[in-house]
Amino acid sequence: MALESWLLKVKTAVSNGIVTVRTTAAKESKKANVGVLAFEIAGLMSKLLLLWQALSDKSVLWIRHEAIALEGVRKIVSNDESFLLALACAEISESLRHVANSVGRIGKRCEDSALRSFDRFFEEFADFGKDAQCWVLTRKDMDSKVVKKMNRYVATAARLHKEINEMGDTEQSLTKLLGSTDLESPIRVKKISDLQQKLFWQRQEVKQLKEKSLWNQSFDPVVLLLARSVFTVLARLKLVFGIGHGHENPVTLPRSLSATVYPSENSTPSSKFVSGPLITKNAELPDLSDGFFNSNTKLLKPPTTTLGSAAVAQHYANLIIVIEKMIRSPHLIGMDARDDLYGMLPASLRASLRTRLRGVGPCASDPALAAEWREALARILDWLAPLAHNMIKWQSERSFEQQSVVRRSTTVLLLQTLFFANQAKAEAAVTELLVGLNYIWRFEREMNAKALIACTEFNGLLNTQS
């Protein structure tokens, strides 16, 4: 009975402890403190840090000389450097817009009227370069103060998130153990004692992390930090891509690097990098009266001739990767795998493939022709496969962002994927891969069949002689 009484007290204490923690959290959320929004804000800070990094000197040079220079991009996306740079600018702008929308929503909780009006001030700065609150920081201040502070907040938030999850697991395990019927088990009593001790220290750790993290910060200083960062990132974006240099307190950029985003001295005027031609160099510019972000959002809408517009970019990426694997090992392709591949083909590709295979003879025994096909397929995959892999990587990076407080560094731009790829050109390339794969597959089967026949005949000859 004494043991049962003790267990009942422990169970009550744990339950009361859980209730106390939840009650305390509820009270904190009613205060003017960040509370549980700390994790969302840490995610925004992490995203801002990545956007700032994406506009560093090194990243800008990478965009200018590597990202838009991919062979596959030039072949089936666009060969217009101004347009490709405009896409890069638009994608970064769109990411920043999403962050700014969240900052504006959180800013409504602030006491400072300027922070509550963040949306209006940000729109004025984006469209007209007006920084009435002087929120744009110098590049030196951003790097030396803000970046370091936000990195600390993000790291602490990640630790707090982990500790809270682990504490929840411990509470669940302890509650489950207390609810079991084996009251007299010494092992059970020892486990309860250990879990209770573990829970105590976890609560202490969570309490200390809340004190050091965004959790116990009031909204005004946190949103001000976010507002200044958002404005500074946008200022940097405008300067890097040559969009309106009329705002106050501009972020400094080395003069030599400022020119790296332009194809030449005679390139399109700076405003056209936001609203450049959607298809050809001679296309009319979109109406800039829609504002800075709306113009960029429109630019990210894929033309009707692209895989992105047809909503099949992801499917084609998977298809190309499957074909790539089969081309590497054609001798391992069975009839089921061949049928599965054919089942993946959209109707347009099936029709194109039937047309290309029409008139092809049943025999595939020419080693020279097989070698030519292997070389041709290798050349196509050299430029097409990277776009397919980039498509999968781009999607996985965005999915990771939705699931984690700490954002992973973005290494792929949308323009480097199949999203803006011309559908007709992409399908023509995939059709060639399929035709070549078909010949190599048949060639491998015929060579294997001949080798098997020769081997059988040789064994028969040996048996006859013996």
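Helices here are DSSP runs of H or I with at least four residues, numbered from the N terminus. The model is predicted, with a mean pLDDT of 81 for the chain and 75% of residues reaching 70 or more.

**Confidence**
- Over residues 18-31 the pLDDT falls below 50, and this stretch has 8 contacts in the model beyond near neighbours in sequence.
- Residues 245-287 likewise stay under 50 in pLDDT, although the model gives them 97 contacts beyond four places in sequence.
- Where pLDDT is low, the predicted coordinates should not be read in detail.

**Salt bridges**
- The count of salt bridges comes to 19, and among them is the pair of Asp57 and Arg236, whose closest N and O atoms are 2.9 Å apart.
- Because Asp57 lies in helix H3 (residues 57-65) and Arg236 in helix H10, this pair ties together parts that are 179 residues apart in sequence.

Methods: Residues are numbered from 1 along each chain as its sequence is written. This is a predicted model: local features need pLDDT of at least 70, side-chain atom pairs count only at pLDDT 80 or more; totals for chains, interfaces and linings use all residues. Side-chain values use heavy atoms; hydrogens and water are left out. pLDDT is the predictor's confidence in each residue, from 0 to 100. Contact means heavy atoms within 4.5 Å. A salt bridge is a side-chain nitrogen of Lys or Arg within 4 Å of a carboxyl oxygen of Asp or Glu. Helices (H or I, at least four residues) and strands (E, at least two) are DSSP runs, numbered from the N terminus.
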